[in-house]
Amino acid sequence: MTGHVAALYRHPVKGFTPESLGEITLETGGFVACDRIYAVEDGPSGFDPAAPAHISKMKFAVLAKIPEIARARTVYDEADGVLSVTVEGHPPFYGRLTTAEGRAAFAAWLGGFMEEQAPEDSFGPFAVLPAPPGHRFMDSKKGFVSVLNLDSLRDLEARIGRPIDPARFRANVLVEGWGAWREYGLGEGRPLSLGGVNLRLLKDIDRCLATHVDPRTGERDIDMVPSLHAEYGHICCGVYAEVVQGGRIAVGDKAVLQS
């Protein structure tokens, strides 16, 4: 089953804007560089940086619970750790997330933005957490690298009769050429190669309310989870994979999955 890599993304702050990449380098057992290296607590989460462990995404400011944050367009400068955030009609933010002061400033900015967006709702207090070494703020314990098959997404588009922005699914790697849904249900351990990287499948990705949100407007405008279940009898779209031999992936590279 051979296709090609159509796009690559990272999400420096969990729940916020995806950033397009031309290529990535992955290490064995590793993650995409700068992917989910920060998360914003929505009230105390219980996360312990001295003993980092996976906790529910619902402890954080994510689209599944706060769709309005999709309106905040973020850009992260890996070289100096500076996050820039813009929202139409709202003052921008510019600060260094590698410092406690910068993280506190972003949390305060987000609190002001949410008070403006939904003053009747209860949020926070917000706090920005940096990922300790070797940890990332993934939705799943098996969420090393996420892969979305665009052919499956196009099949879903045809069935529900409207276009679907792949950004709703917040994947690291978008592939096409596999055919619709041929990646689904293959089970753990199936070999996958993306460019110069060898991976193995871990699990299909169960989808949640985050996919209901338009990533441009912050509005819940597609009942994605019920649509998946109605059309296919499951709520999965995409797969998680683990890197077993590191290397480089670039847009246009071959994407080969053993079916």
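These legends go with close-up views of the structure above. It is a predicted model, in which local features need pLDDT of at least 70 and side-chain atom pairs count only at pLDDT 80 or more, while totals for chains, interfaces and linings use all residues. Residues are numbered from 1 along each chain as its sequence is written, and side-chain values use heavy atoms, with hydrogens and water left out.

**View 1. Three strands make an open sheet, in the order E5-E6-E7.** The pairing here is antiparallel. (Helices, H or I with at least four residues, and strands, E with at least two, are DSSP runs numbered from the N terminus; two strands pair if DSSP finds at least two bridges between them.) E5 (73-77) and E7 (90-96) sit at the edges with a single partner strand each, so one side of each has no neighbour in the sheet. From one strand to the next, the twist averages 10°. (Axes are lines fitted to C-alpha atoms, for helices over the stretch in contact, and angles between N-to-C directions run from 0 to 180 degrees.)

**View 2. E5 meets E6 (residues 82-87) through five bridges.** Look for Arg-73: its opposite number in E6 is Thr-86.

**View 3. Helix H1 (residues 100-117) lies across E6 and E7.** H1 runs at about 165° to E7.

**View 4. Phe-126 belongs to strand E8 (residues 126-130).** With 13% relative accessibility, Phe-126 counts as buried. (Buried means under 20% relative accessible area, exposed over 50%, and partly exposed in between, using a 1.4 Å probe and protein chains only.) Leaving out residues up to four places away in sequence, Phe-126 touches several others, including Val-40, Ile-66, Leu-110 and Met-114. (Contact means heavy atoms within 4.5 Å.) Phe-106 is 20 residues away from Phe-126 in sequence, and their C-alpha atoms are 9.0 Å apart.

**View 5. His-11 is in the loop between strand E1 (2-10) and strand E2 (19-21).** At 0% relative accessibility, His-11 counts as buried too. Setting aside neighbours within four places in sequence, its contacts include Phe-16, Cys-34, Arg-36 and Arg-170.

**View 6. The largest pocket has a volume of about 420 Å³.** Of its 27 lining residues, Arg-36, Lys-57, Asp-139, Arg-207 and Tyr-240 are the closest to the centre. (On a 1 Å grid over the protein atoms alone, a pocket is an open set of points where a 1.4 Å probe fits, with protein on both sides within 12 Å along at least five of seven lines; lining residues have an atom within 4 Å of a point.) Strand E12 (residues 197-206) gives the largest share of the lining, three residues.

Conventions: Grid points are joined across faces, edges and corners, and a volume is the space filled by probe spheres set on the points.
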